[in-house]
Amino acid sequence: MAESVAIYIKPFGMLTPKELLEAVRLRQEVFYLEQHVDCQDCDRVDEVSVFMWAECEGRMVGFLRMIPPGAVYAEASIGRVAVLKEWRRRGIARRMVAVALEHIGREWGGDVRISSQEYIVPLYEQLGFRTVSEPYAEAGIPHRKMLKKGALQSECGAEENEKF
């Protein structure tokens, strides 16, 4: 990837209004406008999550949330992974998930369970996840549950900029 992409991590309660607004805008663009998801995006899980976003040239181009163990699953989770269409195929999602796995390993340890859109399962398999369910529909999109044992370190070695 030629562009310099910075990764930022903040707990929900420490986000500035501008950071929250940009995250909501990005999620709406990807999930509602592009994928036509018709169920609520912002939920109570956001309030206990740690947000991560990728920024290039001052613009938020990717997003995910890290969810602590016990909030959705017994294990920690990663969700709402989204990269703006024009920024895809540049390794941004892979880098963000790898950094998220490192962060989860440091903060909570243990396994990580996700609900992956079926088309992106190969990316998660490359990062050490394995499929643990048959396909099912979530928000009208085929998904699979996936599990990664022990999120201690990723293979990426990416660095993050934690700004609090």
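# Salt bridges, aromatic pairs and a pocket

In this structure, Glu86 and Arg59 are joined by a salt bridge in which the closest N and O atoms lie 3.0 Å apart. Because Glu86 belongs to the loop between β4 and α3 while Arg59 belongs to strand β3, the pair ties together parts that are 27 residues apart in sequence. Glu86 is partly exposed, with a relative accessible area of 39%, and Arg59 is likewise partly exposed, with a value of 36%. The model in which these contacts are found is a predicted one, and the account below should be read with that in mind.

Side chains of opposite charge can pair when their charged atoms come close. A search of the whole structure gives 10 salt bridges, among them the one between Glu34 and Arg88, whose side chains meet at 2.7 Å, taken from N to O. This pair links distant parts of the chain, since Glu34 sits in helix α1 (residues 17-34) and Arg88 in the loop between β4 (77-83) and α3 (92-107), 54 residues apart. Glu34 has a relative accessible area of 28% and is partly exposed, and Arg88, at 26% relative accessibility, also counts as partly exposed.

The side chains of Asp46 and Arg65 form a further salt bridge, with a distance of 2.8 Å from N to O. Here Asp46 comes from helix α2 (residues 44-48) and Arg65 from strand β3, so that distant parts of the chain, 19 residues apart, are linked. Are these two residues buried or exposed? Asp46 counts as buried because its relative accessibility is 4%, which lies under the 20% that marks a buried residue, and Arg65 is buried as well, with a relative accessible area of 4%.

From charged contacts the description can turn to the aromatic side chains. A pair of aromatic rings is described by the distance of the centres and the angle of the planes. The structure holds 4 aromatic pairs, and one of them is formed by Phe51 and Phe63, which are edge-to-face, with 4.9 Å from centre to centre and 85° between the planes. Phe51 lies in strand β2 (residues 50-56) and Phe63 in strand β3 (residues 59-67), so this pair ties together parts of the chain that are 12 residues apart in sequence. Both Phe51 and Phe63 are buried, and together with Phe12 they form one aromatic cluster.

Another of the pairs involves Tyr124 and Phe129, whose ring centres are 5.6 Å apart and whose planes stand at 80°, so the pair is edge-to-face. Tyr124 is buried, with a relative accessible area of 7%, and Phe129 counts as buried at 4% relative accessibility. An aromatic ring also takes part in a contact with a charged residue, as Arg90 lies over the face of Trp87, at 4.4 Å from the ring centre.

The elements that give two or more residues to the lining are α1, β3, β4, α3, β5 (112-117), α4 (121-126) and β8 (141-148), and the largest share, 7 residues, comes from β4. Sorted by class, the lining has 23 nonpolar, 9 polar and 9 charged residues.

Two further residues show how parts of the chain are placed relative to one another. Tyr119 lies in the loop between β5 and α4 and is exposed, with a relative accessible area of 58%. The C-alpha atom of Tyr119 is separated by 8.2 Å from that of Pro142, although the two residues are 23 residues apart along the chain. Leu20, by contrast, lies in helix α1 and counts as partly exposed, at 31% relative accessibility. The C-alpha atoms of Leu20 and Phe51 are separated by 9.2 Å, with the two residues 31 residues apart along the chain, and Phe51 is the residue described above as paired with Phe63.

Definitions and conventions:
Residues are numbered from 1 along each chain as its sequence is written. This is a predicted model: local features need pLDDT of at least 70, side-chain atom pairs count only at pLDDT 80 or more; totals for chains, interfaces and linings use all residues. Side-chain values use heavy atoms; hydrogens and water are left out. Rings of Phe, Tyr and Trp (its six-membered ring) pair if their centres lie within 6.5 Å; planes under 30 degrees apart count as stacked, over 60 as edge-to-face and the rest as tilted. Helices (H or I, at least four residues) and strands (E, at least two) are DSSP runs, numbered from the N terminus. Buried means under 20% relative accessible area, exposed over 50%, partly exposed in between (1.4 Å probe, protein chains only). A charge sits over a ring if NZ of Lys or CZ of Arg is within 6 Å of the ring centre and within 35 degrees of the ring normal. A salt bridge is a side-chain nitrogen of Lys or Arg within 4 Å of a carboxyl oxygen of Asp or Glu. Ala, Val, Leu, Ile, Met, Phe, Trp, Tyr, Cys and Pro count as nonpolar, Asp, Glu, Lys and Arg as charged, and the others, Gly among them, as polar.
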